[in-house]
Amino acid sequence: MPPRDRTTTPAPDGEYGAEAAELLRIALAAARAAGALLRDGRPADLGVAATKSSTVDVVTEMDIAAEKLITAHIARERPDDGFLGEEGASSEGTSGVRWVVDPLDGTVNYLYGLPSWSVSIAAERDGRTLVGVVEAPMRGETYQAVLGGGALVNGRPARCRPAPEFTHALVGTGFGYLTERRAAQAEVVRALVPRVRDIRRGGSAAIDLCDVGCGRLDAYYERGLNPWDLAAGELFAREAGALTGGRPGLAPSGDLTVAAPPGLFEPLQQLLEDLGAWHD
């Protein structure tokens, strides 16, 4: 894997340049601190603190601890900003900046000791994601992006793969935790898998989106993502050259999120529309 470079950052976008640089600095520090807490502090007898959408969609005690660390770190530096966090952090703020935080994306992987989990932090202003950071401690990788400034992985420029033939595409996806949704998603995969090279299911939407940006996946799609699942990774994929969207003509959303390079994005998005990947 490429070595970490903790000093190099993407060139900030002109409109938000100085602010974006500050937000990126804060996001990197908070994500790395939370990643270290999760990696080094994982108890051998890790417990389930609660459930989310169903009994198999879990919140661990470490999710909660990581979100508290992140929000406290950011609030010390920017007390007037708002928050939207997976584990309950929610405040409007007065600065116009909102932090969208997933303290542990891939909770079930983490619970089972699998390495595909991450910390995802994005900062928004005026409805636009300015900065995104995804920290993947077990990979030893930090993904960062600034609106208009490109994407880096461990300080090196990231770029998505050129579009392959559709039949040669390696496509990532994920599944929800509600039974009816899973059944519908399985039907979409059943129809899709004979048409592409193969399907991958990693378990962290943030990492999957970054993998598109790094060229490790040709494409990714999923129904049911929340803002905190996709905010940082979607910016990274886009700044690395991928197209992102939801249903045709729409932005990524809980209905559908799609990321792929130009030339693959369009036919994949249309096929997913035709297969009804946007509804249960």
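Analyst: Happy to; we can go through the sheet, the helices and a few loop residues in turn.

Analyst: One thing to keep in mind is that this is a predicted model.

User: Good to know. What is the strand order in the open sheet of 8 strands?

Analyst: The order is β4-β3-β5-β6-β7-β8-β9-β10, and the pairing is mixed.

User: And which strands are at the edges?

Analyst: Those are β4 (90-91) and β10 (156-157), each of which pairs on one side only.

User: How does β9 pair with β10, parallel or antiparallel?

Analyst: Antiparallel: β9, residues 150-153, is joined to β10 over 2 bridges. Across that pairing, V153 sits opposite R156 of β10.

User: What about the loop between those two, where N154 is found?

Analyst: N154 is in the loop between β9 and β10, and its phi is positive, about 50°, although it is not a glycine.

User: Is N154 buried or exposed?

Analyst: N154 is buried, with a relative accessible area of 3%.

User: Which other loop has a non-glycine residue with positive phi, like D126?

Analyst: D126 belongs to the loop between β6 and β7, and its phi is about 55°. D126 has 60% relative accessibility, so it counts as exposed.

User: Let's switch to helices. Which strands does α1 lie across?

Analyst: Helix α1, residues 17-40, lies across β5 (97-105), β6 (118-125), β7 (128-136) and β8 (141-146). Its direction is at about 25° to β7.

User: And what does α2 touch on the sheet?

Analyst: Helix α2 (residues 61-77) packs there against β3 (82-85), β5 and β6. The direction of α2 makes about 155° with that of β5.

User: Now α4 and α7. What is the angle between them?

Analyst: Helix α4 (residues 179-192) packs with helix α7 (residues 265-275) at about 130°, and their axes are 10 Å apart. That angle is why α4 is described as oblique to α7.

User: Is the crossing of α4 and α7 left-handed or right-handed?

Analyst: The crossing of α4 and α7 is right-handed.

User: Which residues make the contact?

Analyst: On α4 they are V188, A191 and L192, and on α7 they are L268, L271, L272 and L275. By type, the contact of α4 with α7 has 7 nonpolar residues, no polar and no charged ones.

User: Which residues of α7 are buried?

Analyst: In α7 the buried ones are F265, L268, Q269, L271, L272 and E273. They pack against α4, β13, β14 and β15.

User: What comes just after α7?

Analyst: G276 does, and it takes a positive phi of about 75°.

User: How many bridges join β13 to β15?

Analyst: There are 3 bridges between β13 (residues 219-222) and β15, and the two run antiparallel. Y221 has V258 of β15 as its bridge partner.

User: And how does β14 pair with β15, parallel or antiparallel?

Analyst: Strand β14 (residues 243-245) pairs with β15 in the antiparallel sense, over 3 bridges. There, L243 is the bridge partner of A260 in β15.

User: Thanks, that helps a lot!

Note on methods. Residues numbered from 1 in each chain as written. Predicted model: local features only at pLDDT ≥ 70, side-chain atom pairs only at ≥ 80, totals over all residues. Heavy atoms only, no water. Axes fitted to C-alpha atoms, helices over the stretch in contact; angles between N-to-C directions. Helix = DSSP H or I, 4+ residues; strand = E, 2+ residues; numbered from the N terminus. Parallel < 35°, antiparallel > 145°, perpendicular 65-115°, else oblique. Left-handed = near helix turned anticlockwise from the far one by under 90°. Contact = heavy atoms within 4.5 Å. Nonpolar A, V, L, I, M, F, W, Y, C, P; charged D, E, K, R; others polar. Pairing = 2+ DSSP bridges. Buried < 20%, exposed > 50% of the residue type's maximum accessible area, 1.4 Å probe, protein only.
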